[in-house]
Amino acid sequence: MIGSQTGWQALQDALARSSPACEGDERFISDGRTPTLSADLAVICAACPVLTACRTYATKARPHAMAGFWGGHWRGKPSQHE
Ligand code: SF4
């Protein structure tokens with residue numbers, strides 16, 4: 001099952017219990033990946049209640065197809081759209 005392999009279902013379960021700390025924060029999908037922004041976003045992720053599930057999903061699930069800051073790290077390339 002794809003959901004269990006990628007951690008998608010675990011992430012959905014975590015999001016059903018808690019709101020992500022990045023909710024509504026468009027810096028997480030910014031193309032301007034400066035060191036200062038990265039550090040600021042990493043602090044937010046570190047305190048996020050769904051960090052573990054988010055990081056697992058971002059690591060396992062087609063990271064090449066993702067763009068943005070997920071689970072403490074930038075994933076994909078800026079302005080990468082499929
Ligand atoms: S850990 Fe994931 S859900 Fe939480 S703030 Fe970071 S990117 Fe958002």
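Q: Hi! Among contacts in the protein chain between residues at least 6 apart in sequence, what share join residues at least 24 apart?
A: That share is 55%. Two residues are in contact here if their C-beta atoms, placed from the backbone, lie within 7 Å. Bear in mind that this is a predicted model, where local features need pLDDT of at least 70, side-chain atom pairs count only at pLDDT 80 or more, and totals for chains, interfaces and linings use all residues. Residues are numbered from 1 along each chain as its sequence is written.

Q: What is the mean pLDDT of the protein chain?
A: The mean is 89, and 87% of the residues reach 70 or more. pLDDT is the predictor's confidence in each residue, from 0 to 100.

Q: And where is confidence lowest and highest?
A: Helix α1 (residues 2-6) is lowest, at a mean of 67, while α3 is highest, at 98.

Q: OK, how many helices and strands does the protein chain have?
A: There are 4 helices and 2 strands, and from the N terminus on the elements run α-α-α-α-β-β. Helices (H or I, at least four residues) and strands (E, at least two) are DSSP runs, numbered from the N terminus.

Q: What about the inside: what percentage of the residues count as buried?
A: Of the 82 residues in the protein chain, 16% do. A residue is buried if 20 or more other C-beta atoms lie within 10 Å of its own, exposed if 12 or fewer, and partly exposed in between, with C-beta atoms placed from the backbone.

Q: Which residues make up the largest nonpolar core?
A: It has 12 residues in all, including Leu-11, Leu-41, Val-50, Phe-69 and Trp-70. α2 (8-17), α3, α4 and β1 each supply at least two of the core residues. A nonpolar core means a set of buried Ala, Val, Leu, Ile, Met, Phe, Trp, Tyr and Cys residues joined through C-beta atoms within 7 Å.

Q: Which element gives the largest share of this core?
A: That's α4, with 4 residues.

Q: Which residues are buried in α4?
A: Ala-53, Cys-54, Tyr-57 and Ala-58 are buried there. They sit on the same side of α4, because they cover an arc of only 125 degrees around the axis. The arc is that of the directions from the helix axis to the C-beta atoms. An α-helix has 3.6 residues a turn, so residues three or four places apart point the same way.

Q: Back to Val-50: what is it in contact with, leaving aside neighbours within four places in sequence?
A: Val-50 is in contact with Leu-11, Ala-14, Leu-15, Ser-18 and Pro-20.

Q: Now the ligand. Which residues come nearest?
A: Of the 13 residues around the ligand, Pro-20, Cys-22, Cys-45, Cys-48 and Cys-54 do. A residue is near a molecule or strand if its C-beta atom, placed from the backbone, lies within 6 Å of it.

Q: What classes are in that shell?
A: The shell has 12 nonpolar, 1 polar and no charged residues. Ala, Val, Leu, Ile, Met, Phe, Trp, Tyr, Cys and Pro count as nonpolar, Asp, Glu, Lys and Arg as charged, and the others, Gly among them, as polar.

Q: Which elements each supply at least two residues of the shell?
A: Those are α3 (35-46), α4 (51-60) and β1 (68-70).
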